[in-house]
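Work through the exercises below with the model open. Each task is followed by a stepwise solution.

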Amino acid sequence: MNAFPFSPIAGIVLRYFFLYTRNGLRAFELFFWPLNTLLVWGFLTRYLSHAGAGEVSLPVSFLLGGVLLWDVQFRATQGVSVSFLEDVWTRNLLNVFVAPVRTWELVAGFCTVGLLRVVITVPILSLMAFLAFQFNLLEFNFWLVPFFGNLLLFGWSMGMLANALVLRWGQAAEGLAWALPFLLQPFTAVYYTVETLPRFLQPFSLALPSTHVFEAMRHAMAGNAPIAQGLVLAFGLNLLWLGIASLVMHRVLGIARERGLLTKVATQ
Amino acid sequence: MRPPLLTVQNLVKDFGDFRAVDGVSFELAEGEILGLLGPNGAGKTTVMNMLLGLISANSGSIRIFGKPLETHRIQILRRMNFSSAYTSLPGNLLVRQNLTVFAMLYGIRDWRSRVRETMERFGVADLADRITGHLSAGEATRVNLCKAFLNRPELLLLDEPTASLDPDVVDKVRTLIRETQREAGTSIIYTSHNMQDIELVCDRVLFLHRGKVIRMGTPDEIKASFDSSSLEDVFIQIARGGDLEIAGDR
């Protein structure tokens, strides 16, 4: 057999390339929701700032930065979870699981799809944010790299956990898998500071890597605090979350093999 | 003498209190087609899924190509393939795209020529640019078989490949499987509810009932042991016969 390295990962990525390039509606879906969110939040914050006759630029920037960075994490999560669900929906999951694809290759393929979704949508969103609200994402300079990197990593962990839910509880958990990023959204300080949360929720919020990224983003915009420490902490937390997600996925795959859940999920 | 391609020894699988597979043992030789038969709930699909590593065994062992499946799963899967009437290739991609993706998943280096060659072999080259979800049942079966033969498998698992096809298409698919198998020398494990399928395609048949092997032999031997003229009659006897003596007890 003439196997070549990374061929399975390339196969998974190629599958989604084919899917998005031959179906205009799928490509439309890729941009519609983030653009919609960006415009609604952008116009709302501009309106509120004008209505309050206060300082316009900073609150608008905080919110727009939040919208853009949140989309990075959301797309990364979706890249992993929807790619998996796509195989469930098309009754292709069994074909994939009986192919010589290691679990890490499957996850790496899905993560690459997530990364590509971010690479495609974020520049368009950023351009729109600049044209509509004069918000320039590039003002973050090199900080964008750790911002994006940390959010991608956390998004991948969430995607793996969402897939574990579907594997363990079948399509009944599909809604939960979709909702997982939004379950965390109120606690991860996307649009407001951690101090805004009730005191008892703050430790939970600080255990999420994304919280430190959003806090760092606001500090960077306000120019009033060092941000490197928060991003390093976010990276450390990401390693922890990736470890937890990998362990959960590994354990759930074991349970699925034990109880015959793979075939149930694949053929239901 | 060459060792068997597949050796299953004393395989047991429990789902809670229910024993789905109960001490199943069999071997498969190179180039042999073995039919797995049995009424619903007999344990055929569970055995098939265990051979694919989708379900783990409570006890017993599976050795494929001389290696234990448990520890060499990926290495073994590279030399195997699978097709089932109950799975499908993504319906939203073109036939050519689906086969290309699977060629990559199976690590086939010369994937372009291999996809083209397999499509021609199975007479689906004219369907290459059709959306997979728009194919007829017969066309989809042939495309599924294309996927199953893409990596030139030494062992192929076919789970009811002719289910829900009309007799003409069944005959064509059966001929195609048999011809391709003869040319490539592929060993096949074949499940079907179509007894004619089994008689015409399989060299040997393994009858399962309530998770146990109750008979094993050529279709003629099985018919003779039940004093029956067709496998269909044997099947009905087994399905309605309640507790039957297990293989080796006779």
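Two strands count as paired if DSSP finds at least two bridges between them. The model is predicted.

**Exercise 1. Trace the open sheet of four strands in chain B and state its strand order.**

Step 1. Read the order: S2-S1-S4-S5 in chain B. The pairing is antiparallel.

Step 2. Find the edges. They are strand S2 (18-28) and strand S5 (67-68) of chain B. Each pairs on one side only.

Step 3. Strand S4 of chain B covers residues 59-64. S4(B) and S5(B) are joined by two bridges, in the antiparallel sense. The pair qualifies because the rule asks for at least two bridges.

Step 4. Locate a facing pair. Opposite Arg63(B) stands Pro68(B), in S5(B).

Step 5. Helix H1 (residues 44-51) of chain B lies across S1 (6-15), S2 and S4 of chain B. H1(B) runs at about 120 degrees to S1(B).

**Exercise 2. Describe the open sheet of six strands in chain B and the helices packed on it.**

Step 1. The order is S6-S7-S8-S3-S9-S10 in chain B, and the pairing is mixed.

Step 2. Strand S6 (80-84) and strand S10 (212-217) of chain B are the edges, each pairing on one side only. From one strand to the next, the twist averages 15 degrees.

Step 3. Take the S9-S10 pair. Strand S9 of chain B spans residues 204-209 and pairs with S10(B) over five bridges, in the antiparallel sense. Val205(B) has Gly217(B), in S10(B), as its bridge partner.

Step 4. H9(B) touches S3, S9 and S10 of chain B, at about 20 degrees to the direction of S9(B).

**Exercise 3. How much area do chain B and chain A bury between them, and which contacts cross the interface?**

Step 1. Count residues. Chain B gives 36 residues to the contact and chain A gives 36 residues.

Step 2. Take the area. The two chains bury about 3,500 Å², with 62% of it on carbon and sulfur atoms.

Step 3. Check the polar terms. Between chain B and chain A there are zero salt bridges. The rule finds twelve residue pairs in polar contact across the interface.

Step 4. Assign the side of chain B that touches chain A. S1, helix H2 (73-77) and helix H3 (95-105) of chain B each supply at least two residues. H3(B) gives the most, with six residues.

Step 5. Sort that side by type: 20 nonpolar, eleven polar and five charged residues.

Methods
Residues numbered from 1 in each chain as written. Chains lettered and ligands numbered in written order. Predicted model: local features only at pLDDT ≥ 70, side-chain atom pairs only at ≥ 80, totals over all residues. Heavy atoms only, no water. Contact = heavy atoms within 4.5 Å. Axes fitted to C-alpha atoms, helices over the stretch in contact; angles between N-to-C directions. Buried area = accessible area lost by both parts, 1.4 Å probe. Salt bridge = Lys/Arg side-chain N within 4 Å of Asp/Glu carboxyl O. Polar contact = N/O pair within 3.5 Å; in protein donor to acceptor, adjacent residues only side chain to side chain. Nonpolar A, V, L, I, M, F, W, Y, C, P; charged D, E, K, R; others polar.
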